[in-house]
Amino acid sequence: MTNIDACATPSALAASSCRRTPLPRYVEVETSRKCNRTCGWCPNGENAARRTQDVMPWSLYTGIIDELGTLDYTGWLAFHNYNEPLLNERLTREISYAKTAVPQSKPSIYSNGDVLRRELFDQLVDTGVEYIRITRYPHQADTPPSFTAIEKWLRQAGLFDRLDWTYRPVRQGLAAVAESGALKVEIISPQILESYNNRGGSVTMLPLAAPPRTAPCMMTVTSATIDYRGRMKMCCCVYPDTEDHARYVIGDLNQSTFLELWNSPQMTEYRRGHAVADWSLSPACRTCTQPLPETRL
């Protein structure tokens, strides 16, 4: 159980003085369970937990979103973590609800693109999605990134002539990038072995970081991650279906509010340690090489 202090009592939640930690700039609400892939560089490749579909109860989802609305959340709002969000038939309804309840939020979609075609793409854009990242994972981890592979997928998906694409290197490998108004889209061909991390040791095929991580990590300050069961996790790398990672679940949003968990003593202690590269409370972080912008202030 998460210990809740006086600042997080229901009567104090709306008071700005109780927001000791600023709201994150990035919130992942994983609203469905299933992923259709079993990649060797992902915990899903070593665990059967994501082989079947389940969706977050609608009342739980709307409760989370409504609270973000009352907190005037203005950051990114994603619908993924270890799932494939486009397999969720309720997804566009979820995005529409979020845009109404949290109008200043910026919905984003991260997908492998296997089921994305132009009609669904247009539906996502029409509902207000502002960022779409499609990562075209190869079959083998040592496959080099390729602009040719990106263009082939764009044609298959019916998106080649949908936007004006610019081809360029990105942090993860190579990408086709397009922007139109508030919308940004990236189609990425990744360089797995050079840019992916072992998710705190939950992926065994990727090498452990050597030497141990000495750089601070601000993920616990800049981002919040909620899985399809409503569990808030220390960060997006946590895979609580493995025994070693179960300890990094902060609490359950079926029983607590977002702000209670975000300001909880457990998260506060993680932030304090991670800011100075002290991994004594979170040993999994010692081997994490996560380079996301969310690791930095």
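Helices (H or I, at least four residues) and strands (E, at least two) are DSSP runs, numbered from the N terminus. This is a predicted model, in which local features need pLDDT of at least 70 and side-chain atom pairs count only at pLDDT 80 or more, while totals for chains, interfaces and linings use all residues. Residues are numbered from 1 along each chain as its sequence is written, and side-chain values use heavy atoms, with hydrogens and water left out.

**View 1. G75 in the loop between α1 and β2.** G75 sits in the loop that lies between α1 and β2 (76–78), and G75 is buried, with a relative accessible area of 8% (buried means under 20%, exposed over 50%, partly exposed in between, with a 1.4 Å probe and protein chains only). Leaving aside neighbours within four places in sequence, G75 is in contact (heavy atoms within 4.5 Å) with R25, S105 and K106. The C-alpha atoms of G75 and S105 are separated by 5.2 Å, although these residues are 30 residues apart along the chain.

**View 2. The largest nonpolar core.** A nonpolar core is a set of buried Ala, Val, Leu, Ile, Met, Phe, Trp, Tyr and Cys residues joined through side-chain atoms within 4.5 Å. The largest one has 60 residues, and those with the most contacts inside it are L68, I132, W165, I187 and F258. Helix α1 (residues 58–70) gives the most to this core, with five residues.

**View 3. Surroundings of I187.** Apart from its neighbours within four places in sequence, I187 is in contact with I134, R136, I150, W153, L154, W165, L174, A175 and A176. A second, separate core of 10 residues includes Y82, I192, L206 and Y239.
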